[in-house]
Amino acid sequence: MTRVLAGIDVGGTNTKVVLATAALQVVDRIDLPTPAHAGGAAIVASALGAVSGLLESHRASLAGVGIGAAGVVDAATGTVLVTGNSFTGWAGYGVTEAVTQALGVPATLDNDVNAFLLGEIAAGAVVGERNVLGMTLGTGVGGALVLDGTLFAGPRGAAGEIGHVPGFGDGLCTCGQHGHLETIAAARGMADRYEAVTGRRLPVHAIADAARAGDPEAASVFRTAGWGIARGILLTAGILDVTTVVIGGGVARSWDLLAPAIEAAIAAEPPVSGAAIRVEPALLGSDAVALGAAAQVRARVLDAELA
């Protein structure tokens, strides 16, 4: 019987479940609606039902379950600490304890951006890199850091929060403060900027289409976003000497519009170290968080077996 890992990406709307080999090759995957307002037990039960169905379908045995979840989590205890208003009864829920009790295997929990970065290092755009900044450009801007091969959370768990670095104008951020990177490089902030100039509110993919069709205001939105992303990268390079970056999320699907601005800004002000900065678009797409979570529990399983 094939031994597999399960990776689960719990989002406010959808949950993705992936079965993967120990080498992180995807065996199968399934997407299902997240019962986000039914409480932690229902969210976990829904995901584990999908895991069980996939295991039965492939006649596989389970070695461990890794979960990536939006919000603030305590990875040590496997508990969700803080979530947005898209969830009810998820904060405070002991996720890994519930999974282990249900399935009898090791389980891990981490923030979804951390899991995204681990996935891209394990099987994506920056395989094998030991010092990496990960950025996700979605509704907001998420960030994560791996230093010397290990996730670096910082003393209060806020390391890598590049989206909330100030100095990017005076736009109102989702956190309530002003001028954060998120206000110019996230989907919501980009839509705000386009609307402020044109009077029309478009989703970011439509702004991208307009930019490609020659709309100068749409092109300016992407140039500004790329400039801001580059500034965040240069700050990280200057402070931590981290010069490898992987960028994912919905906004990054318009890489053809972002990359020239990122490259130009970095070329204009290279890091004082003289090191080349490597910036890669993510390769794993919607599998990244689930595969990163699977990679995390793989390490836990291997540690247990070697002990």
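Author: By class, the residues lining the largest cavity are 10 nonpolar, with no polar and no charged ones. Keep in mind that this is a predicted model.

Reader: Ok. How many cavities of 30 Å³ or more does the structure hold?

Author: The structure holds 1.

Reader: And what volume does the largest cavity have?

Author: Its volume is about 40 Å³.

Reader: Which residues line it?

Author: The lining consists of I8, V10, I43, V44, A47, L48, I67, W90, V95 and V99. Two or more lining residues come from each of β1, α1 (40–58) and α2 (95–103).

Reader: Which element gives the largest share of that lining?

Author: That is α1, with 4 residues.

Reader: Which way do β1 and β4 run, parallel or antiparallel?

Author: They run parallel, and 9 bridges join β1 to β4, which spans residues 60–69. In that pairing, V4 stands opposite L62 of β4.

Reader: And β2, how many bridges join it to β1?

Author: There are 6 bridges between β1 and β2 (residues 14–20), and these two strands run antiparallel.

Reader: What is the bridge partner of A6 in β2?

Author: A6 has L19 as its bridge partner there.

Notes:
Residues are numbered from 1 along each chain as its sequence is written. This is a predicted model: local features need pLDDT of at least 70, side-chain atom pairs count only at pLDDT 80 or more; totals for chains, interfaces and linings use all residues. Side-chain values use heavy atoms; hydrogens and water are left out. Two strands pair if DSSP finds at least two bridges between them. On a 1 Å grid over the protein atoms alone, a cavity is a set of points where a 1.4 Å probe fits but cannot get out, and a pocket is an open set with protein on both sides within 12 Å along at least five of seven lines; lining residues have an atom within 4 Å of a point. Grid points are joined across faces, edges and corners, and a volume is the space filled by probe spheres set on the points. Ala, Val, Leu, Ile, Met, Phe, Trp, Tyr, Cys and Pro count as nonpolar, Asp, Glu, Lys and Arg as charged, and the others, Gly among them, as polar.
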